[in-house]
Structure formats: structure tokens, C-alpha cells
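Let's take a walk through a ligand site together. Have your viewer open as we go.

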Amino acid sequence: MSTAYKVQINRKWCKNCGICLAFCPKNVFSFDEKKKLQIVNEIQCSGCLMCEKRCPDMCMKIIREEE
Amino acid sequence: MSYLDYIKEKQFPLFTCAGCTHGTVTNTFLRVADELKLDKENTVIVCAIGCAGRIPTFLDFNVLRVTHGRALAFATGVKLSRPDVKVIVFMGDGDAVAIGGNHFIHAARRNIDITAIISHNEIYGMTGGQYAPTTLQGFKATTAPYGMIEPAFDVCELAKGAGSTYVARSDVYHINHLHKVMKNALTHKGFSTLEVITSCPTQFGRRNKMADPIKLVERIRDITVTQTAAEKMSVEELKDKIVIGEFVKTERPELTEIYEEKLGKLRKN
Ligand SMILES: Cc1ncc(C[n+]2csc(CCOP(=O)(O)OP(=O)(O)O)c2C)c(N)n1
Ligand code: SF4
Ligand code: SF4
């Protein structure tokens with residue numbers, strides 16, 4: 001059994017500030033050409049919750065999944 | 001329960017600008033509230049004017065929003081009339097130590113059981129970027145277009161001097177540290193002061209070549225040092241740094257307890 005994490009962004013609240021992206025130790029996020037937040041590397045997520053805890057808009061959620 | 005059970009979800013998204021880390025303080029507060037199982041019915045949040053002061057109106061507690069600078073005065077009234085209720089005050093740095101400085105020192109002196117959470121963004125955000133008494137020398141504001149010339153207040157030293165029985169400083173980069181001290185501040189009996197270094201990209205960042213919210217949080221990461229690290233640093237090395245940690249943790253008779261005891265005695269006579 002291994003642990004995987006699902007990254008969920010509440011788009012209705014997200015302001016694309018990039019704070020989650022900037023301090024993610026696993027480079028899970030990136031900006032697209034319009035500076036909109038994208039999840040590009042979900043598989044690398046280690047579940048540290050740094051994005052979820054720093055998000056000023058309470059719109060990031062990391063879900064732990066046992067496989 | 002989840003930390004989001006403590007917000008008024010229908011009113012979201014928050015009114016704040018993109019990357020305004022006053023919201024990060026809220027995020028941490030909600031997590032701590034969830035961990036402590038704060039009872040919504042028995043908790044009063046008092047706040048006033050300013051961006052930091054407006055955020056609590058989006059939270060699902062008993063929220064009392066009052067005139068600028070007077071949150072602690074109203075909170076004192078709430079706590080004295082209902083000592084059984086948990087009272088938490090959210091303020092901006094302008095709200096707390098400019099217009100509200102007098103209320104702040106006296107609440108600390110009285111050691112009334114209130115937790116004051118002060119979001120220090122070095123500027124008056126809501127009113128368009130005037131300098132605050134916490135703006136560091138050299139930084140620009142609408143009222144300091146060539147850079148701030150006055151020395152800044154050290155909010156924690158002020159709280160300490162005035163008699164606050166719990167005094168701590170943290171910031172929105174060191175998020176686990178913030179969580180820990182927020183929990184300690186909220187469970188301390190007596191007047192507790194928690195100063196949190198936050199960032200205002202719109203009014204502070206734009207004027208100081210850090211319009212990108214990420215740059216401001218990187219700056220916070222780079223200028224903050226822990227108490228333990230600071231002990232090994234010289235005065236010169238600490239010149240442009242902000243020390244985070246718990247500076248005071250002490251006990252002193254609490255105002256509402258002294259008051260209730262006095263009342264009890266007077267009633268007997
Ligand atoms: C009695 C009074 N004086 C002045 C103002 C104008 N005013 C509103 S908010 C504010 C300062 C806001 O700065 P701060 O408290 O640091 O909060 P921020 O918006 O930066 O979060 C001022 C001066 C007011 N509303 N009431
Ligand atoms: S920190 Fe929050 S608001 Fe900012 S980009 Fe990430 S999810 Fe969106
Ligand atoms: S003006 Fe500054 S303090 Fe106010 S919401 Fe915008 S970024 Fe936050």
C-alpha cells in the first residue's frame with residue numbers, strides 16, 4: 001500500500017497569487033501563460049501541506065489517498 | 001469538523017487583494033480554532049476598521065466590529081460583563097499601535113484575559129498606503145514618498161513594557177511556528193499579544209518594488225530569524241532582521257478574576 005495525494009484548488013476562491021506555487025518543495029504547481037495556477041506535478045506531492053496552510057484564501061486542499 | 005466550518009462560506013471569496021497574507025493569519029487561526037474546538041457560541045471576536053479588521057466579519061463567530069482603534073476597549077467591556085466568554089481581538093498594526101496604542105497598553109497593563117492578534121503589514125492598507133508606526137525606515141508609503149524617516153515601533157517590546165503576560169511574534173512564512181504560537185496565545189490566561197508579520201502587495205509592495213505577492217513572502221522569509229539564531233548574532237547582524245519567537249510567558253492576577261472576587265466580597269457585606 002502506498003500513499004498518494006490529490007491536490008484540489010477551489011477555483012471560485014483562488015486569486016492566483018502564487019504563494020502555494022513559490023514555496024512548494026516538490027514543484028507541484030506552475031503558472032500558465034495567463035498567470036493562472038496549474039497543477040503540473042501532482043504525483044510528486046509529499047503531503048507537507050505548506051500550500052494549504054499558507055494559502056491566504058483558504059482554497060487549497062490536499063487529500064490523502066491510500067492505494 | 002474542518003477548519004472551514006468556522007467561516008461564513010456564502011460570503012467567500014474574501015474581499016482581500018490577491019496575495020494579501022492577512023488571509024494566511026486567518027487560515028492559521030481557523031486551524032487552531034478547529035484544533036482547540038473553540039465553541040462558536042461562546043467566543044466573541046472583536047475587530048475594527050482596516051483590512052485586517054474586516055476579515056473577522058467573514059467568520060462564523062459572534063463578531064463585534066467597532067470604531068477604528070477601539071477594538072480592545074470594546075473587548076474589555078465584553079470580557080468584564082461576560083468573563084465566561086472567550087474574547088479574541090484581530091487588529092492591523094495601524095489599528096493596534098497607531099490610533100489604538102493607548103487602548104493596547106492599558107489592556108496589557110490590566111492583564112485582562114483577551115488574545116490580541118496583530119497583523120503587521122507595515123502600512124495602512126485600507127486607506128491607501130499611508131505609513132504606519134511600524135513602517136521600517138527607508139520604505140515608501142503615500143505619506144513617505146522619499147522613504148520613511150521615523151524609527152519604527154517594536155510591538156512586542158511595547159507589549160512587554162506594558163505588562164502583557166504572553167508576548168510572541170511570528171510570520172506568515174514560518175507557518176508551523178505561527179500555528180504553535182497562535183495556539184499558545186489563545187490558551188494563555190491573561191492578556192496575550194501575538195504579532196504576525198504579514199504582507200500587503202497592493203499598498204506596500206507596489207511602492208517598494210515588490211508588487212508580486214511572492215516577493216513579499218520571500219522578503220519575510222529572508223528578514224526573520226528565530227530567537228535561538230538571534231542569540232548568536234551581533235547587533236550589527238540583527239540590524240535589518242525581525243526576531244520571531246515567544247518573548248514573555250508569565251502569570252499575573254487576571255483583571256476579571258480580581259473584579260469578580262471584589263464583587264463577591266462587596267455583595268456579602
Ligand atoms: C477614527 C478613524 N480614524 C481614521 C480612519 C481611517 N482609517 C481607516 S483604516 C485605517 C488604517 C488601516 O491600517 P491598519 O490598521 O494597519 O490595517 P490594514 O488595512 O493595513 O490591514 C485608517 C487610518 C477611520 N476609519 N476612523
Ligand atoms: S495560495 Fe491559494 S489563492 Fe494563492 S494561488 Fe495558491 S491556491 Fe490560489
Ligand atoms: S490593501 Fe493591502 S492589506 Fe488591504 S486587502 Fe489589499 S493587500 Fe491586503
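The paragraphs below start at the ligand and then move to one histidine.

This is a predicted model, in which local features need pLDDT of at least 70, side-chain atom pairs count only at pLDDT 80 or more, and totals for chains, interfaces and linings use all residues. Residues are numbered from 1 along each chain as its sequence is written, chains are lettered from A and ligands numbered from 1 in the order in which they are written, and side-chain values use heavy atoms, with hydrogens and water left out.

Begin with ligand 1, which is surrounded by 17 residues (each with a heavy atom within 4 Å of it). B:His22, B:Cys51, B:Asp93, B:Asp95 and B:Gly125 are the closest. Sorted by class, this shell holds 7 nonpolar, 8 polar and 2 charged residues (Ala, Val, Leu, Ile, Met, Phe, Trp, Tyr, Cys and Pro count as nonpolar, Asp, Glu, Lys and Arg as charged, and the others, Gly among them, as polar).

Now look at the oxygen atoms of ligand 1. One is 2.8 Å from a side-chain N or O atom of B:Asp93, and one is 2.9 Å from a polar backbone atom of B:Ala52. At B:Gly125, a backbone N or O atom lies 2.8 Å from a ligand 1 oxygen. Taken alone, ligand 1 exposes 590 Å², and the protein buries 74% of that (Shrake-Rupley method, 1.4 Å probe).

Finally, find B:His120. B:His120 is buried, at 6% relative accessible area (buried means under 20%, with a 1.4 Å probe and protein chains only). Leaving aside residues up to four places away in sequence, B:His120 touches several residues, including B:Asp93 and B:Glu195 (heavy atoms within 4.5 Å).

Notes
A polar contact is a pair of N or O atoms within 3.5 Å; within protein, one must be able to donate a hydrogen and the other to accept it, and residues adjacent in sequence count only if both atoms are side-chain atoms. Buried means under 20% relative accessible area, exposed over 50%, partly exposed in between (1.4 Å probe, protein chains only).
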